[in-house]
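This report is meant for a reader who is meeting the structure for the first time. Please look over the sequence and the model before reading on.

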Amino acid sequence: MIEVMNLSKIFRQKDGSPFYAVKNLSFSANSGEIVGLLGVNGAGKTTTMRMLSTVLKSSKGTAIIEGYDINKDSQKVRSKMGFLSGDTGLYGRLTPRETIRYFGKLYDVENSIIENRMKKLIDLLDMNEFMDKRISLLSTGMKQKVSIARSIIHDPPVMIFDEPTSGLDILTARNIVSFIHQCKEEGKCVIFSTHIMREAERIADKIVMIHKGELLAEGTWTEMKEATGKQDLDDIFVNYVDSVTKKEGEIHNEF
Ligand SMILES: Nc1ncnc2c1ncn2[C@@H]1O[C@H](COP(=O)(O)OP(=O)(O)O)[C@@H](O)[C@H]1O
Ligand SMILES: [Mg+2]
């Protein structure tokens with residue numbers, strides 16, 4: 001379970017002025033729930049996930065993950081979570097099997113448990129044919145599967161996946177989506193990010209829309225359809241964007 005509370009990240013711009021990549025963001029994600037973090041490029045999805053995974057320190061606010069505070073108990077948080085980021089580096093000279101074993105050991109998982117979990121992940125992610133090839137020889141989709149497997153070899157209750165299907169072919173993407181559903185079945189809490197509305201609809205139980213670092217809307221698609229009176233996903237998103245833009249305009253007009 002994840003409770004995000006007024007999370008903010010401020011970057012300094014070249015002229016020294018503050019820039020909010022994430023601003024006052026609050027939302028929650030339960031166990032057994034898939035939450036889709038939805039927003040256009042630059043909305044603040046990656047920054048949010050990097051803070052949740054404790055890779056990046058928050059400027060203000062915090063989040064509680066499985067009872068642990070990301071700012072106070074970062075080590076505990078990391079042990080409860082698997083984080084797939086876009087720039088997860090893999091060692092080209094190792095094989096997937098070696099890589100996954102290596103990360104299992106880093107997480108202090110017993111050897112026999114690593115082997116058992118790896119077997120399960122190989123099946124679920126359909127990795128059998130390339131487990132013993134050098135990673136430098138693998139396709140983008142195969143590498144993505146290795147990254148996913150290595151990030152969750154310690155079987156964490158919380159999984160945070162930053163654009164997990166981005167740039168992948170349809171079969172690989174589908175395989176990863178069904179894997180995410182399987183994780184939900186096992187009662188895990190999953191947050192994934194995407195800028196593709198349809199994907200968010202297909203995978204997520206709940207949508208958290210963000211724009212310019214701020215929360216636009218949180219809820220199910222059904223709730224959002226009712227609230228906006230629109231049926232088309234893109235229209236719903238644009239509707240929420242327009243409504244905050246309009247509000248900003250009103251504030252400016254007051255001056
Ligand atoms: N390290 C950084 N320094 C300065 N600005 C950053 C940094 N990382 C991200 N940003 C800015 O923060 C905003 C949000 O970026 P990001 O979280 O990557 O968005 P998304 O993942 O939704 O595309 C963007 O305007 C981006 O340029
Ligand atoms: Mg991103």
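## Model and domains

The model is predicted. Its protein chain is divided into domain 1 (2–80 + 157–253) and domain 2 (87–155).

Taken over C-alpha atoms, the centres of domain 1 and domain 2 are separated by 26 Å. The contact takes 15 residues from domain 1 and 14 residues from domain 2.

## The largest pocket

The largest pocket holds about 440 Å³ of space. Its lining is made of 21 residues, and those closest to the centre are Ser 53, Val 55, Arg 78, Phe 83 and Tyr 107. Sorted by class, the lining has 10 polar, six nonpolar and five charged residues.

Several elements supply at least two lining residues each: helix H1 (45–52), helix H2 (74–79), strand E6 (81–84), helix H3 (96–106) and helix H5 (140–151). H2 gives the most, with three residues.

About 200 Å³ of space lies in the second largest pocket. There are 13 residues in its lining, and Ser 85, Gly 86, Thr 88, Gln 144 and Ser 147 lie nearest the centre. H5 provides the largest share of this lining, four residues.

The lining of the second largest pocket divides into seven polar, three nonpolar and three charged residues. Domain 1 and domain 2 are both represented, with at least three residues from each.

Ser 85, one of the residues nearest the centre of the second largest pocket, lies in the loop between E6 and H3. Its relative accessible area is 15%, which is under 20%, and therefore Ser 85 counts as buried. Thr 165 is 80 residues away from Ser 85 along the chain, and the C-alpha atoms of the two are separated by 11 Å.

## Helix H6

Helix H6 covers residues 170–185, which makes 16 residues.

Which residues of H6 are buried? They are Thr 172, Ala 173, Asn 175, Ile 176, Val 177, Phe 179, Ile 180 and Cys 183. An α-helix has 3.6 residues a turn, so residues three or four places apart point the same way. The cover over the buried residues of H6 includes the strands E3 (34–38), E7 (158–161) and E8 (189–194). It also includes the helices H4 (111–124), H5 and H7 (197–203).

## A buried and an exposed residue

Thr 99 lies in helix H3. Is Thr 99 buried or exposed? Thr 99 has a relative accessible area of 0%, so it is buried. Leaving aside neighbours within four places in sequence, Thr 99 is in contact with Leu 90, Leu 94, Ile 135, Val 146 and Arg 150.

Arg 12 is found in strand E1 (residues 2–12). The relative accessible area of Arg 12 is 62%, and because exposed means over 50%, Arg 12 is exposed. With neighbours within four places in sequence again left aside, Arg 12 is in contact with Ser 17 and Pro 18.

## Residues with positive phi

Glu 66 is not a glycine, yet it has a positive phi of about 50°. This residue is found in the loop between strand E4 (60–65) and strand E5 (68–69). Its relative accessibility is 28%, so Glu 66 counts as partly exposed.

Asp 108 also is not a glycine and has a positive phi, of about 65°. The loop between H3 and H4 holds Asp 108. With a relative accessible area of 72%, Asp 108 is exposed.

Conventions: Residues are numbered from 1 along each chain as its sequence is written. Chains are lettered from A and ligands numbered from 1 in the order in which they are written. This is a predicted model: local features need pLDDT of at least 70, side-chain atom pairs count only at pLDDT 80 or more; totals for chains, interfaces and linings use all residues. Side-chain values use heavy atoms; hydrogens and water are left out. On a 1 Å grid over the protein atoms alone, a cavity is a set of points where a 1.4 Å probe fits but cannot get out, and a pocket is an open set with protein on both sides within 12 Å along at least five of seven lines; lining residues have an atom within 4 Å of a point. Grid points are joined across faces, edges and corners, and a volume is the space filled by probe spheres set on the points. Ala, Val, Leu, Ile, Met, Phe, Trp, Tyr, Cys and Pro count as nonpolar, Asp, Glu, Lys and Arg as charged, and the others, Gly among them, as polar. Domain bounds come from an automatic or database domain assignment. The expected span of a helix is 1.5 Å times one less than its number of residues. Buried means under 20% relative accessible area, exposed over 50%, partly exposed in between (1.4 Å probe, protein chains only). Contact means heavy atoms within 4.5 Å.
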